[in-house]
Amino acid sequence: MRRVGVIGAGKIGGSLLRRLAESGDFELAVSDVHPEQLERFRGYERVRSFSSNRELAEASEIVIVAVKPWDVAGVLEEISPAMGPSSGRSVTSVAAGVEIKSIESRLPEGTPVLRVMPNVCASVGLGAAVITANEPGRRVLPEVMDIFGRVGEVMELPERLFDAATALHGSGPAYVALFADALVQAGVREGLPREVARRLVVGTLAGTAVLLKERSAHQVRDEVMTPGGTTAAAFVAMEKAGFVGAVYDGVNAATRRARELGG
Ligand SMILES: NC(=O)C1=CN([C@@H]2O[C@H](COP(=O)(O)OP(=O)(O)OC[C@H]3O[C@@H](n4cnc5c(N)ncnc54)[C@H](OP(=O)(O)O)[C@@H]3O)[C@@H](O)[C@H]2O)C=CC1
Ligand SMILES: O=C(O)[C@@H]1CCC=N1
């Protein structure tokens with residue numbers, strides 16, 4: 001049974017751990033600076049809690065670093081003595097912006113290093129993730145893909161595109177939530193009771209996501225838009241207000257921020 005350790009039991013690390021624990025296929029370890037985060041895993045069989053990241057690394061083969069980007073360097077410093085090509089251990093980071101070369105520079109030469117960009121939809125098993133690895137890391141790539149595959153779809157992507165992917169799907173659920181909230185508010189403004197508006201919007205988003213798996217966005221748009229009807233009227237107003245341009249600008253700002261986080 002593979003030994004997987006997760007450093008940082010927050011939104012991403014915690015979601016991943018829960019799913020892996022439920023599968024029963026792994027020996028798991030978790031560490032966090034907040035004891036209350038570890039407390040949430042007390043009832044799980046095969047999840048050991050550690051207050052020391054170094055000890056967690058020593059007890060694991062696949063170490064997943066799920067702390068904020070600016071905390072990654074400190075964590076790597078702590079676990080570095082347990083790493084190196086002969087240790088049989090690898091390090092996978094999910095941090096936005098932090099490049100493989102920066103991770104490598106803080107670990108013994110030859111350590112397998114992987115980078116994954118997941119999203120919060122992993123918490124409901126519907127995540128989308130991209131993955132890349134340094135040369136030694138390619139050996140463990142299939143296993144790490146299997147781990148993140150337990151919480152959604154995983155695709156290999158060259159590292160130079162990671163900041164764009166981070167901006168698109170890492171942050172993506174928050175953009176969709178922003179749109180959903182605006183839709184609910186707009187429905188309330190037109191006189192719908194809030195709860196009715198909320199349920200209609202959630203149903204619309206869930207149904208549209210299924211439709212988009214089967215056909216292109218343009219096809220869905222054309223099926224909905226009756227010539228001379230309500231949808232066309234909405235599109236004219238939304239376009240005039242710069243809706244599509246705002247989406248381009250938002251994703252571009254997020255991409256630039258990911259680059260900044262990488263230093
Ligand atoms: N949230 C998201 O949707 C996504 C996040 N990411 C990336 O995943 C990483 C984690 O994000 P997220 O889960 O949101 O963050 P969280 O803050 O929810 O979780 C990180 C946890 O790790 C703790 N922590 C901080 N320093 C250490 C340390 N030295 N050792 C052990 N634990 C520590 C944090 O404590 P404290 O709160 O005090 O910092 C926190 O409890 C980030 O780098 C982010 O860029 C990637 C894709 C999507
Ligand atoms: O907002 C952030 O920085 C993180 C990375 C992608 C999603 N959340």
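Which residues surround ligand 2? In this predicted model, the surrounding residues are Ala96, Thr166, Gly170 and Ser171.

**Ligand 2**

- The shell formed by Ala96, Thr166, Gly170 and Ser171 divides into one nonpolar residue and three polar ones, with no charged residue.

**Ligand 1**

- Ligand 1 is surrounded by 27 residues, of which the closest are Gly8, Gly10, Ile12, Ala95 and Ala96.
- At least two residues of the shell around ligand 1 come from each of helix 1 (11-23) and helix 4 (72-79).
- The most is given by helix 1, which contributes three residues to this shell.

- Eight strands form an open sheet in the order 3-2-1-4-5-6-7-8, and their pairing is mixed.
- Strand 3 (47-50) and strand 8 (152-156) are the edge strands, each of them pairing on one side only.
- On average, neighbouring strands of this sheet are turned by 25° against each other, direction ignored.
- Within the sheet, strand 6 (residues 113-117) pairs with strand 7 (residues 127-133) in the antiparallel sense, over four bridges.
- Arg115 has Thr132 of strand 7 opposite it.

**The helix on the sheet**

- Helix 6 (residues 141-149) packs on the sheet and touches strand 1 (2-7), strand 4 (62-65), strand 5 (90-93), strand 6, strand 7 and strand 8.
- The direction of helix 6 makes about 165° with that of strand 7.

**Asn53**

- An unreviewed UniProt entry lists Asn53 for "binding site".
- Asn53 belongs to helix 3, which covers residues 53-58.
- Is Asn53 buried or exposed? Asn53 counts as buried because 24 other C-beta atoms lie within 10 Å, where 20 or more are required.
- Setting aside neighbours within four places in sequence, Asn53 is in contact with Ile7, Ser31, Val75, Glu78 and Ile79.

Technical notes
Residues are numbered from 1 along each chain as its sequence is written. Chains are lettered from A and ligands numbered from 1 in the order in which they are written. This is a predicted model: local features need pLDDT of at least 70, side-chain atom pairs count only at pLDDT 80 or more; totals for chains, interfaces and linings use all residues. UniProt positions are given in the numbering used here, feature names are shortened, and annotations may be inferred rather than shown by experiment. A residue is buried if 20 or more other C-beta atoms lie within 10 Å of its own, exposed if 12 or fewer, and partly exposed in between; C-beta atoms are placed from the backbone. Two residues are in contact if their C-beta atoms, placed from the backbone, lie within 7 Å. A residue is near a molecule or strand if its C-beta atom, placed from the backbone, lies within 6 Å of it. Ala, Val, Leu, Ile, Met, Phe, Trp, Tyr, Cys and Pro count as nonpolar, Asp, Glu, Lys and Arg as charged, and the others, Gly among them, as polar. Two strands pair if DSSP finds at least two bridges between them. Axes are lines fitted to C-alpha atoms, for helices over the stretch in contact, and angles run from 0 to 180 degrees between N-to-C directions.
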